[in-house]
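Dear colleague,

Please find the structure handed over below. A short account of what was found in it comes after.

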Amino acid sequence: MEHLLVERYLVRCAHAQVGTLRSMLLGSGGVVIDAIYEEHCTLTVEVPKATLPNLLAHCERYGIPIENQVTK
């Protein structure tokens, strides 16, 4: 059984950014653990360490705040 090393992040974005972010995340083997939809959306996500640079680059490119929560 393969065990992926993942990192958990908290991502805050506008409603209009959620679909693209979710698609990019799922396409890279990540998952959305929790989502809160208020004025801005707050997603708790887990991302494989191998594809983490893609998520970080995407968030930086679009000015999406992201912070590390827990390393597994």
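The notes that follow cover the fold, the surface and the cysteines.

This is a predicted model, in which local features need pLDDT of at least 70 and side-chain atom pairs count only at pLDDT 80 or more, while totals for chains, interfaces and linings use all residues. Residues are numbered from 1 along each chain as its sequence is written, and side-chain values use heavy atoms, with hydrogens and water left out.

The protein has two helices and four strands, taken as DSSP runs (H or I of at least four residues for helices, E of at least two for strands). Along the sequence they follow the order β-α-β-β-α-β. The C-alpha trace spans about 40 × 20 × 20 Å along its principal axes. Of the contacts (heavy atoms within 4.5 Å) between residues at least 6 apart in sequence, 62% join residues at least 24 apart.

Of the 72 residues, 35% count as buried, where buried means under 20% relative accessible area, exposed over 50% and partly exposed in between (1.4 Å probe, protein chains only).

No disulfides were found in a search of the whole structure; the criterion is a pair of cysteine sulfur atoms within 2.5 Å. The sulfur of Cys13 has its closest cysteine sulfur in Cys41, at 5.1 Å, which is too far for a bond. Cys59 is likewise in no disulfide, the nearest cysteine sulfur being that of Cys13, 8.0 Å away. Cys13 is buried because its relative accessibility is 3%, and Cys59 is buried because its relative accessibility is 1%.

With kind regards
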